[in-house]
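Reader: I have a structure to go through with you. Can we start with the pockets and then move on?

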Amino acid sequence: MKIISRIFLIFIFSITVVGCSRTFPIAVVVKGVPGGIMRGELHGTRSGGTFNVSSGNLSCAGNWGGSISTTYTIPVLCNDGRSGVLSGTRGGGGGRGEFTLNDGVTGHFVYGPGALKIISQTDSAIKSKPR
């Protein structure tokens with residue numbers, strides 16, 4: 001009986017840990033970036049998270065601690081020295097919003113199912129262009 005109890009506890013613990021972490025695709029639409037799209041991933045847990053996006057030589061990332069409410073602002077740092085913020089809302093298995101960098105560049109982002117749609121449409125458009 002003790003073995004069954006231990007297995008059950010390990011199973012419940014595993015479900016709890018797995019349920020606390022999520023990864024989403026993220027797409028950032030911005031002028032001045034090759035293809036106009038930066039893509040990457042957002043990793044979130046109940047205690048914080050990170051995101052990374054890139055396009056060509058430009059990469060940007062951010063992180064946050066604690067849980068995110070329905071609306072949020074996350075600091076951003078890019079590999080070329082620019083910094084800024086993402087401000088958005090979440091819900092329905094994803095989220096969306098805007099970003100502003102310190103040089104005035106602005107754009108929009110979406111993560112979750114909406115990001116997959118944008119990335120897929122962009123990839124299809126690039127493949128259909130004559131070379």
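Reader: By class, what residues make up the lining of the second largest pocket?
Author: This is a predicted model. The lining of that second largest pocket has 14 nonpolar, one polar and two charged residues.

Reader: Which of the lining residues lie nearest the centre of the second largest pocket?
Author: V28, M38, C60, F99 and L101, out of 17 lining residues. The elements giving two or more residues to the lining are β3, β4, β5 and β7.

Reader: And how much space lies in the second largest pocket?
Author: About 160 Å³.

Reader: Core next. How many residues has the largest nonpolar core?
Author: It has 21 residues, and M38, F51, C60, V76, L86, F109 and Y111 are those with the most contacts inside it. β5 gives the most to this core, with four residues.

Reader: What does L86 touch?
Author: Leaving out residues up to four places away in sequence, L86 touches F51, Y72, T73, I74, V76, E98, F99 and F109. There is also a second, separate core of five residues, I37, V110, A115 and I119 among them.

Reader: Changing topic: how many salt bridges does the structure hold?
Author: Two. R82 meets D80 at 2.8 Å, N to O, and R82 also pairs with D103, with the closest N and O atoms 3.0 Å apart.

Reader: Why does the pair of D103 and R82 tie together parts that are apart in sequence?
Author: Because D103 lies in the loop between β7 and β8 and R82 in the loop between β5 and β6, parts that are 21 residues apart in sequence.

Reader: Is D103 buried or partly exposed?
Author: Partly exposed, at 44% relative accessibility. D80 is also partly exposed, with a relative accessible area of 43%.

How values were computed: Residues are numbered from 1 along each chain as its sequence is written. This is a predicted model: local features need pLDDT of at least 70, side-chain atom pairs count only at pLDDT 80 or more; totals for chains, interfaces and linings use all residues. Side-chain values use heavy atoms; hydrogens and water are left out. A nonpolar core is a set of buried Ala, Val, Leu, Ile, Met, Phe, Trp, Tyr and Cys residues joined through side-chain atoms within 4.5 Å. Buried means under 20% relative accessible area, exposed over 50%, partly exposed in between (1.4 Å probe, protein chains only). Contact means heavy atoms within 4.5 Å. On a 1 Å grid over the protein atoms alone, a cavity is a set of points where a 1.4 Å probe fits but cannot get out, and a pocket is an open set with protein on both sides within 12 Å along at least five of seven lines; lining residues have an atom within 4 Å of a point. Grid points are joined across faces, edges and corners, and a volume is the space filled by probe spheres set on the points. Ala, Val, Leu, Ile, Met, Phe, Trp, Tyr, Cys and Pro count as nonpolar, Asp, Glu, Lys and Arg as charged, and the others, Gly among them, as polar. A salt bridge is a side-chain nitrogen of Lys or Arg within 4 Å of a carboxyl oxygen of Asp or Glu.
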